[in-house]
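Trainee: Could we go through this structure together? I would like to discuss its pocket and its helix packing.

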Amino acid sequence: MTSPDTFTGLDAGRRDLARAVGLTAFVHGYPLVESVRTCRLQTGHPGLAPRAPINALHAITRPSTDQDRDIVTPANDLLYTTAWIHLGDGPCVLTVPAAAEHPGRYFVLALYDAYTENFENLGPRNCSAQGEQVLLLGPGQRAPAALAHLRQVSCPTTLVWLIGRILVGDEADWPAARALQAGIRLAPAEGTGPSRVPACVAAWEGEPVDAMADMQAGVPAQDVARRFFGNLCRALADAPGRPEDVGLVAWLGQAGLRPGAGFDWAALDAPTREGLQQGLAEATRLVGEAARSRRRKPWVLAGRAGRYGNDHLTRALTAYIGLGALATTEALYAAGHFDAAGEALDGSRRYTMRFEADALPPADAFWSVTLYGADRFLHPNALGRHAIGDRTPGLRRDADGGLRLVFSHDRPADDANWLPTPAGRFYLILRLYHPREEARAWRIPALLAWGATA
């Protein structure tokens, strides 16, 4: 790599421009690249067992555990049905199950574009209680005459991620939840050709590893930048993005980042490569610092999850800490990294969290608190408990009706309300499904540290 000290003034200008482009390109493009990476991972990366091919459903018939490590921060009280849908060759028909056959059970079929925007949610709130077929159309597509009577959803990108969520309880409840899950169906519309893998997924460069994880693991920035920006350029060709982002994407071309398969890292001049690496390194630090919540507040509410508008940093942050977040009209998420004193949550201490009897989480569907290790995955523990919520069997209320939760590494004498923690750092996510009007103003109780175990 050329030393910055040897750059001429013109070289330094190119480097500084590329640095700005690299930072902007990462923040804007990271969610897109993460979508493509996850699609590659789940639909058939060589050497890995795929979940399902393109345009086919994959039903996960048990709740997520610490063994599930392809998507960060999974919920533990849901059955997931997922599919990567490619509409480039024509529409697809999605069948929404009959809610009337499963009274009281929460479910939603969430649709995400290639930039992780949760542009549509289908379920009991907006579909027939007897079930319904929905026609998914790619950009610019029109419904075939034979299917014009179906509800139509126009998708912003040809690559769409379906995440179906179905509320599930303990193992005795699994068969009933699976029965609803079996009612979800997906098929290409009649007359559509064979399902093809999107070009940017088929041409993915390198192992399907998160660029943020690579940088944090100390992989040389040049190697990360070369792969990330190459994958981004190919993804931009398949998913150009919103009309309002056309100018931004065109500006990235000033440092050689243009949509298409022609990106060549080695062909860039040294100042441009240097700047792109610097910009990527700064962007990964920016997203990482945002994830750690330097404000040290006990809880941080994700007020714009799922639908982001022009807030590219929040979109990138959410892709990093919780890929596939629902829109806030469907669910509210709050992350807890610190206790009431502003200290990072750590299993070397014990904590309590108490909901007053008249201030339980304001959710019409259900709520839960889920614990994750520092690696953003569920924490293995002997109890096999990863979350506590309003449907957890055997929870004990205080005499006044309040609910006190206990978080510790060591098992307490009374473990009815206990959520096991790792020995070191951990964090929590509180989820409210179908949040009530007052949810945004509701004050989430802070965790109180009440003793050290080491």
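Trainee: What volume does the largest pocket have?

Mentor: This is a predicted model, and in it the largest pocket has a volume of about 840 Å³.

Trainee: Which residues are closest to its centre?

Mentor: The lining comprises 46 residues, of which Ala302, Thr318, Ile321, Gly322 and Ile429 are the closest to the centre of the largest pocket.

Trainee: Which element gives the most to the lining?

Mentor: That is α8, with six residues. The elements giving two or more residues to the lining include α8 (312-322), α7 (270-291) and the strands β2 (78-86), β8 (159-167) and β17 (426-435).

Trainee: And how does the lining divide by class?

Mentor: The lining of the largest pocket has 26 nonpolar, eleven polar and nine charged residues.

Trainee: Changing topic to the helices: at what angle do α1 and α5 pack?

Mentor: Helix α1 (residues 9-43) and helix α5 (residues 221-238) pack at an angle of about 70°, and their axes are 9 Å apart. That angle therefore makes α1 roughly perpendicular to α5.

Trainee: Is the crossing left-handed or right-handed?

Mentor: α1 passes α5 in a left-handed crossing.

Trainee: Which residues make the contact?

Mentor: On α1, they are Gly22, Ala25, Phe26, Gly29, Tyr30, Leu32, Val33 and Val36. On α5, the contact is made by Phe228, Phe229, Leu232, Ala235 and Leu236.

Trainee: How many of the contact residues are nonpolar, polar and charged?

Mentor: The contact of α1 with α5 has eleven nonpolar residues, two polar residues and no charged ones.

Conventions:
Residues are numbered from 1 along each chain as its sequence is written. This is a predicted model: local features need pLDDT of at least 70, side-chain atom pairs count only at pLDDT 80 or more; totals for chains, interfaces and linings use all residues. Side-chain values use heavy atoms; hydrogens and water are left out. Axes are lines fitted to C-alpha atoms, for helices over the stretch in contact, and angles run from 0 to 180 degrees between N-to-C directions. Helices (H or I, at least four residues) and strands (E, at least two) are DSSP runs, numbered from the N terminus. Angles under 35 degrees count as roughly parallel, over 145 as roughly antiparallel, 65 to 115 as roughly perpendicular and the rest as oblique. A crossing is left-handed if the near helix is turned anticlockwise from the far one by less than a right angle, and right-handed if clockwise. Contact means heavy atoms within 4.5 Å. Ala, Val, Leu, Ile, Met, Phe, Trp, Tyr, Cys and Pro count as nonpolar, Asp, Glu, Lys and Arg as charged, and the others, Gly among them, as polar. On a 1 Å grid over the protein atoms alone, a cavity is a set of points where a 1.4 Å probe fits but cannot get out, and a pocket is an open set with protein on both sides within 12 Å along at least five of seven lines; lining residues have an atom within 4 Å of a point. Grid points are joined across faces, edges and corners, and a volume is the space filled by probe spheres set on the points.
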